[in-house]
Amino acid sequence: MQINGKVYRTIWVENNIVKIIDQTKLPHQFIIKDLKTVKDSINAIKTMEVRGAPLIGATAAYGLVLSIIEKNDQSFLKRSSEDLIASRPTAINLKWAIDRMMKKLSGINSNEILKIALEEAKKIVEEDVKFCKNIGVNGLRIIEGIANKKKDTVNILTHCNAGWLATIDWGTATSPIYHAHQKGIKVHVWVDETRPRNQGANLTSYELNEEGIPNTIITDNTGGILMQRGQVDMCIVGTDRTLSNGDVCNKIGTYLKALSAKDNNVPFYVALPSSTIDWSIKDHKQIPIEERNSEELSHVEGVDENNKIKKVRIYPQKSKSLNLAFDVTPAKLVTGLITEKGICEASEKGLKGLFK
Ligand code: MRU
């Protein structure tokens, strides 16, 4: 997708150096950063210079490539893979990508290993682009259906950033929106600010602006009244881990949006590539929910009048705060799952019908 009219992906490789867009600086500064070691990759994932389930999976895959460049040694590779998996716990794509890479790389001691690693990481990246594009083609049908009935702008609410910045290209939740816009369907997006990291305000609104898609940032608590007023035609969100029973783990606050959507008969869709499905655990209570530093709540970052990025504290110094990064939306609140293979019911039957 585009930034300042130039087409970018979120991650790419030049001369054995991994390049990323530093998302902690957006929308105020556009900085391309080099990842040269596996430690750089782990740090980029932990600090959220890269974030979003598919993108952290791809960064982890390239992290193993960097690990091999640093030291072609199986025990170093194994340690790197474990450290990468531990860098963020909730999005299953991270483990999925590392497992996929390690299947190809375990036990290989020849110099061929770098070529194999680069090829597999590239495959993961290209597959994600293709899957996200297909999610867009499949989800477009839903937006088209609403547009045909309504004969007016389709208002879509989204939470966090499940846009191209969270993937390699297209995004998951935003891909149907980009496809609709390219087809000439009038869309407008309600963008949840998404406290505390403000991925909606900082990233989703930014990328929609760059693509010329009308959008309005709202606080995380505004969606309910908009739905009551009939100002939301549908919700589309992404996911960090979808269980085989259709339960969806996504950015904190998704669950409350789904409850509100149910109460107001607003369709609530979740868009995902199959790399985000966790077939192994059956109970959402087993999903490790990331708890991040409470400073993300007590401090906010923005630019001052000289365009300098500044961080300020907004809470009383003595107050405690709790920063859970994800929640779970039960399948019963999800209208459908939009995947690369089609749209299905949020249930084991629905998912297995498409994938097994
Ligand atoms: O904490 P983040 O910014 O990595 O969380 C991202 C989300 O919750 C996204 O909705 C999810 O990863 C899907 S990305 C296509």
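Me: What makes V18, K19, I20, L55, A58, T59, Y62, V125 and I168 contacts of I11?

Reply: Leaving aside neighbours within four places in sequence, I11 is in contact with each of these residues, where contact means heavy atoms within 4.5 Å. This is a predicted model, where local features need pLDDT of at least 70, side-chain atom pairs count only at pLDDT 80 or more, and totals for chains, interfaces and linings use all residues. Residues are numbered from 1 along each chain as its sequence is written, and side-chain values use heavy atoms, with hydrogens and water left out.

Me: Thanks! Why is the set of 73 residues called a nonpolar core?

Reply: Such a core is a set of buried Ala, Val, Leu, Ile, Met, Phe, Trp, Tyr and Cys residues joined through side-chain atoms within 4.5 Å, buried being under 20% relative accessible area with a 1.4 Å probe, protein chains only. The largest one here has 73 residues, and I11, M101, I143, V187 and I236 have the most contacts inside it. Helix 5 (residues 112-150) gives the most, 13 residues.

Me: Why does this core lie between domain 1 and domain 2?

Reply: Domain 1 (2-127) and domain 2 (136-354) both give residues to it, so it lies between them; the bounds come from an automatic or database domain assignment.

Me: And how do you know that strand 4 pairs with strand 5?

Reply: Pairing needs at least two DSSP bridges, and four bridges join strand 4 (residues 17-21) to strand 5, running antiparallel. Strands are DSSP runs of E, at least two residues, and helices of H or I, at least four, numbered from the N terminus.

Key: Buried means under 20% relative accessible area, exposed over 50%, partly exposed in between (1.4 Å probe, protein chains only).
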